[in-house]
Amino acid sequence: MISVTRDDFDVNAVIDRARRPDMGALVTFLGVVRDDGVEVMELEAYEGVAVRELTEIRDEAFAKYPIGSVDVIHRIGNLRVGENILLIVVGAGHRKEAFDACEYILERIKQSVPIWKKEIGKDGSERWVPGEASGGDA
């Protein structure tokens, strides 16, 4: 599953859908809005291109690593501290391949997916997160 959505997601439901008897490892990355003076994080995307890029990244991961499944959900909209931003679930026969593929997917998302973050501080200040396409740590 590849998704860019305004809706929250059920992490456990995504993990349960990824379970298969041939996979000994399910590695997850869950990015959340952290409390570092931020009241709201506003995420914007060029949705059609973002979904296409996420699909290409998933396909690259399948080509580079011996993995069995990849799910990526990236939220957009106004998110508060503690809310989910990004979920990556990678299934593989062994943990190393799943970890390596998950890290690859995360780094590629940050490089090329057109999703931008603006932090709105508790004092009302606004700051676009500089850096790569998805920016920040999540």
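**Exercise 1.** Find which residue in S8 stands opposite Lys118.

*Solution.* Lys118 faces Trp128 in S8. Strands here are DSSP E runs of at least two residues and helices are H or I runs of at least four, both numbered from the N terminus. Next, S7 (residues 115–121) and S8 run antiparallel and are joined by three bridges; pairing requires at least two DSSP bridges between two strands. Finally, the open four-stranded sheet has the order S5-S3-S7-S8, paired antiparallel. Its edge strands, S5 (77–80) and S8 (126–128), each pair on one side only.

The model is predicted: local features need pLDDT of at least 70, side-chain atom pairs count only at pLDDT 80 or more, and totals for chains, interfaces and linings use all residues. Residues are numbered from 1 along each chain as its sequence is written, and side-chain values use heavy atoms, without hydrogens or water.

**Exercise 2.** Check the span of H3 against 1.5 Å a residue.

*Solution.* The expected span is 1.5 Å times one less than the number of residues. For the 18 residues of H3 this should give 26 Å, and the end C-alpha atoms are 26 Å apart, so the two agree.

**Exercise 3.** Determine what the buried residues of H3 pack against.

*Solution.* Buried means under 20% relative accessible area (1.4 Å probe, protein chains only). Buried residues of H3 include Ala98, Ala101, Cys102 and Ile105. The buried residues of H3 pack against S2, H2, S4 and S6. On the partner side, Val90 touches residues including Ala98, Ala101, Cys102 and Ile105, leaving out those up to four places away in sequence; contact means heavy atoms within 4.5 Å.

Note on methods: Buried < 20%, exposed > 50% of the residue type's maximum accessible area, 1.4 Å probe, protein only.
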